[in-house]
Structure formats: C-alpha cells, structure tokens
Amino acid sequence: MNTHLFMARTQKITNQQILDASREIFLQQGFGGSTLEIAQKAGISEASIFKPFSTKEELFFASMGIPEKSPLVKELEALSGKGNLKQNLIQVCLQILEFNRQVVPRLMMLRSRGTAMPEMINRPNSRPSRDLKIFTNFLEKEIEQGRLRPRDPQTIAMILLGSSIIDELCFLRADAPHRRCTHR
C-alpha cells in the first residue's frame, strides 16, 4: 500500500485581491496597518504579499491607486516639441486633474483620520518630487525650443501641479457646488 503525504495547496490569489485587502486595512489604519493584517485579510501568508510588491510603501501606493511611474512621463515625452503647446498643456492638466480626483480623496480620508502615511514629500526622489521634475523638464525643453516664453519652469510646474490639487480640495468641500472642469 502506498502512503502519500498530502500538503495543502497554496491558495491562488490575484494582485487585485491583495490590493483590495491592503486598501481596506490602509484606509482603516493608515500606513501603520501591518502587512500581517493585510495578509490575514487576503487569506495568504505575509511573505506572499512581497512577491508582487517589493516594499510596504509600494503596496500602499498601489492600493491607493497611485502608480509607480507617473502617467506624466510617457505623455510629456510624446508631446515635447510637438503639436499645439496650449492644447498639449490643457490635455496634460486635465489628466493631472483626473488623477487627483481619484487619489486626493483617499489620501484626505487617511489624513482626516489622523492615520500615518508614508514619508512622501521630504525625500528628494519622492513621487511628488519626481512629477515636479518631469513637468519642469518638459517646460524647459519647450522654452529651449522657443515654444514657451522664458520663465522659471519649476515655478510654472509647481503652480500647475499645485492648482490641480487645490481644485480637487475645493471640490471636496461639503458646500462646494457640484461641478467638474471641462475645457471647451
């Protein structure tokens, strides 16, 4: 008689299931939520989380819908020196607005609960710093090509990126009229 030892099969779980569990824990507890709790919520081992996501910070941003690489990178590279600059800037700004409409409410929810968030702003290679640098570089190229008047490109980039966040924060106010910006 043959005797076989049977091992439990590893549960197959998708990245989306990990992200869903992560989002729920992070929205409840902020960045301080443990990966062990996330794993338990997803029904997997804690080590399984770190197969698709190399760090807890990467998992946090992915679960909040913040991509590793900015959507600005490909867009601005494709538009640099091409087409109508005004239309290009409008297109990019509308995409930034849409991105902020998806992300800012989640981050504000975390902040309003007083929950911890990963250190984002004070690092030189943080996501906001990288986006600012990418946008600044795009504007510098447009100035070099004579398509934009010589001005401080970093200041322009800060104004455009900052105003898109302010737009969403104003919209989130309870007494704000229900409106969405559309360019005509």
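**Close-up 1. Helix 5 and helix 7 run roughly parallel to each other in this predicted model.** The axes of helix 5 (residues 71-79) and helix 7 (residues 127-144) come within 10 Å and cross at roughly 5°, where axes are lines fitted to C-alpha atoms, for helices over the stretch in contact, and angles run from 0 to 180 degrees between N-to-C directions. Angles under 35 degrees count as roughly parallel, over 145 as roughly antiparallel, 65 to 115 as roughly perpendicular and the rest as oblique. Helix 5 contributes Leu72, Val73, Leu76 and Leu79 to the contact, and helix 7 contributes Asp131, Ile134, Phe135, Phe138 and Glu142, contact meaning heavy atoms within 4.5 Å. By class, seven of these residues are nonpolar, none is polar and two are charged (Ala, Val, Leu, Ile, Met, Phe, Trp, Tyr, Cys and Pro count as nonpolar, Asp, Glu, Lys and Arg as charged, and the others, Gly among them, as polar). Helices (H or I, at least four residues) and strands (E, at least two) are DSSP runs, numbered from the N terminus. Residues are numbered from 1 along each chain as its sequence is written. Because the model is predicted, local features need pLDDT of at least 70 and side-chain atom pairs count only at pLDDT 80 or more, while totals for chains, interfaces and linings use all residues, and side-chain values use heavy atoms, with hydrogens and water left out.

**Close-up 2. Phe26, Phe31, Phe60 and Phe61 form one aromatic cluster.** Rings of Phe, Tyr and Trp (its six-membered ring) pair if their centres lie within 6.5 Å, with planes under 30 degrees apart counted as stacked, over 60 as edge-to-face and the rest as tilted; by this rule there are five aromatic pairs. Phe26 and Phe31 are stacked, because their ring centres lie 6.2 Å apart with the planes at 20°, whereas Phe31 and Phe60 are edge-to-face, with centres 5.6 Å apart and planes at 90°. The latter pair links distant parts of the chain, 29 residues apart, with Phe31 in the loop between helix 1 (15-29) and helix 2 (35-42) and Phe60 in helix 4 (residues 56-63). Phe26 counts as buried at 0% relative accessibility, and Phe31 does so at 19% (buried means under 20% relative accessible area, exposed over 50%, partly exposed in between; 1.4 Å probe, protein chains only).

**Close-up 3. Asn88 is buried in helix 6 (residues 85-112).** Its relative accessible area is 7%. Not counting residues up to four places away in sequence, Asn88 touches Leu79, Lys82, Gly83 and Arg147.
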